[in-house]
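Dear colleague,

Please find the structure below, together with its sequence.

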Amino acid sequence: MTTPATDDRPHEVTERRLHPVTPLRRAWAPVAVLIGWALHDPDQAQRQLARLTTTTLLLALAVLVPAAALYGFLTWWYTHFAVTDTELRIRTGLLFRRTAHIRLERIQAVDVTQPLLARVAGVAKLKLDVIGTDKKDELAFLGEKEARALRAELLARAAGFAPETAHQVGEAPARQLLRVPPRVLAVSLLLTGATWGTLAAAVVVPPVLWLVTGSVWTVLAVGLPLLGAAGASSVGRFVAEYDWTVSDSPDGLRIDRGLLDRVHETVPPGRVQTVRIVEPLLWRRWASPGPDGSGSGGGWVRVELDVAGSSNSLLVPVAPREVAESIVARVLPGVTVPPRASLSRPPRRAGRCVPLWWRGYGFGASDAVFAARHGLLRRSLALVPHAKVQSVRLTQGPWQRLWGLTDVHVDTGANKTVTARLRDAQEAREILHDQAERSRTGRRDALPDRWMA
């Protein structure tokens, strides 16, 4: 009896190219170099242009445009990507070759972004968050449908689906949890102190400089950056956070946002190290209407994240507190946000170190998280799951030592620190011991970080 021979040869890997519109994007590189040189030394650029005749300019354009087009075409032609059984390979480079081997099991997020012109052209950019790398690898550009299909395939492969079935999985279904109305976003920005502070500086400082110096260039050099900062803190944030939508899916929480540039991000499951609930002063009396039109109470809050190896740092730009807490419960399963009254303040002698502001500090620890609060005008509550704590340490300056006070620092896997400030020295030593034990048991009992669990 003979057994049929099995084919142990590796599956053939098909390399693919980016969308044909990509050369138009890359053709701008030589032109950008010239523009950068002109902006760096405008006087020299103006003198050089004055020496050129019309014929010379036309000849230069006749050479530059085809050269830029050829550069864009060749960089596109020599860029390939392929998905194998274990990795995503990206080969780039015209003169200097570069091949990136991205292990599928190390992919923690795949984001789809569409700048304004890309939306017009019907293409999208794929950005990959990979564990252990600071810079995102990207594929720019792909057709919009192809980008979403490739994202679904990569996440399916990362979740452990077989290569022959990964194509059939498709994009995981999603259920909308929150959508921030544009009116609520605009009002929240108007109620933010940073917006009015930068705007006031942009209005007041330039006239003062004009009266003092009488120099237009000094006024422009200071006034334009201030106006830019005011725009970034209000208009820029409104454009970036417009139509912010949070949805729940098996591959994590999805975030869709953007007025001009549309961004489709994913909060990686199991990679969130810290959640911060921020409550500015003027947001505390506001509440958005619920689905039935009634106010939901509790004021507005902003939810920020520290994610290991990812640039995703914002979960909710503005939402009623109870809605934000329900979303936090999905990011940190089993975690209940502790009420403000349950956090213990430092002892009264902490006022000797930080007058008045010591009242804004607080600390609490549950079976799931280490919680620390700070701020009187802009309150911030940080929640660190015990399993994400990398180290715990105490610090004590000479003035704190005099009054028997100590700071407790908790370091996380995102290279960030959460501090319980001005605790009694004996209490701080107990916190150190208890937190070390909670972290040890938390890591032992934590579920593995997997996609589509």
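**Overall composition**

The secondary structure of the protein comprises 13 helices and 19 strands. Please bear in mind that this is a predicted model. Of the 453 residues in the protein, 40% are buried. Among contacts between residues at least 6 apart in sequence, 56% join residues that are at least 24 apart.

**Strand S18 and its two partners**

Strand S18 covers residues 405-412, and eight of its eight residues are buried, so the strand is largely enclosed by the rest of the structure. Leu405, Asp407, His409 and Asp411 point one way from S18, while Thr406, Val408, Val410 and Thr412 point the other way; all of these are buried.

S18 pairs with two strands. Strand S17 (residues 389-395) is joined to S18 by six bridges, and the two run antiparallel. Thr395 has Asp407 in S18 as its bridge partner. Strand S19 (residues 417-424) is likewise joined to S18 by six bridges, again in an antiparallel arrangement. Here Val408 stands opposite Ala420 in S19. S18 and S19 form a hairpin with four residues between them, and Asn415 in the turn has a positive phi of about 60°.

Leu422 is buried, with a relative accessibility of 0%.

**Aromatic pairs**

A search of the whole structure finds seven aromatic pairs. In one of them, the ring centres of Trp283 and Trp300 are 6.4 Å apart and the ring planes stand at 80°, so the pair is edge-to-face. Trp283 lies in the loop between strand S11 (272-279) and strand S12 (300-307), whereas Trp300 lies in strand S12, so the pair ties together parts that are 17 residues apart in sequence. Trp283 is buried, at a relative accessible area of 1%, and Trp300 is buried as well, at 2% relative accessibility.

Trp399 and Trp403 also form an edge-to-face pair, with 6.1 Å from centre to centre and 70° between the planes. Trp399 is partly exposed, with a relative accessible area of 46%. Trp403 is also partly exposed, at 26% relative accessibility.

Elsewhere, ring pairs link Phe73, Trp76 and Trp77 into a cluster. Arg17 accompanies two of these rings: its charged end sits over the ring of Trp76, 5.8 Å from the ring centre, and over the ring of Trp77, 3.7 Å from the ring centre.

**A buried glutamate**

Glu279 lies in strand S11. Is Glu279 buried or exposed? At 7% relative accessibility, Glu279 counts as buried, because the cut-off for that class is under 20%. The side chain of Glu279 is joined to that of Arg321 by a polar contact of 3.2 Å.

**Helix H9**

Helix H9 (residues 193-213) has 21 residues and reaches 29 Å from its first C-alpha to its last, close to the 30 Å expected at 1.5 Å a residue. Thr195, Ala202 and Pro206 are buried in H9. The buried residues of H9 pack against helix H8 (182-190) and helix H10 (216-241). After H9 comes Gly214, whose phi is positive, near 70°.

**Further backbone features**

Two other places may be inspected in the model. A cis peptide bond joins Ala140 and Phe141, with omega at about 5°; Phe141 lies in strand S6 (residues 137-143). Leu356 has a phi near 65°, a positive value in a residue other than glycine. Leu356 is found in the loop between helix H11 (321-331) and strand S14 (362-365). With a relative accessible area of 53%, Leu356 is exposed, whereas Leu422, described above, is buried.

With kind regards

Terms used
Residues numbered from 1 in each chain as written. Heavy atoms only, no water. Phe/Tyr/Trp six-rings, centres within 6.5 Å; stacked < 30°, edge-to-face > 60°. Buried < 20%, exposed > 50% of the residue type's maximum accessible area, 1.4 Å probe, protein only. Lys NZ or Arg CZ within 6 Å of the ring centre and 35° of its normal. Polar contact = N/O pair within 3.5 Å; in protein donor to acceptor, adjacent residues only side chain to side chain. Pairing = 2+ DSSP bridges. Expected span 1.5 Å × (residues − 1). Contact = heavy atoms within 4.5 Å.
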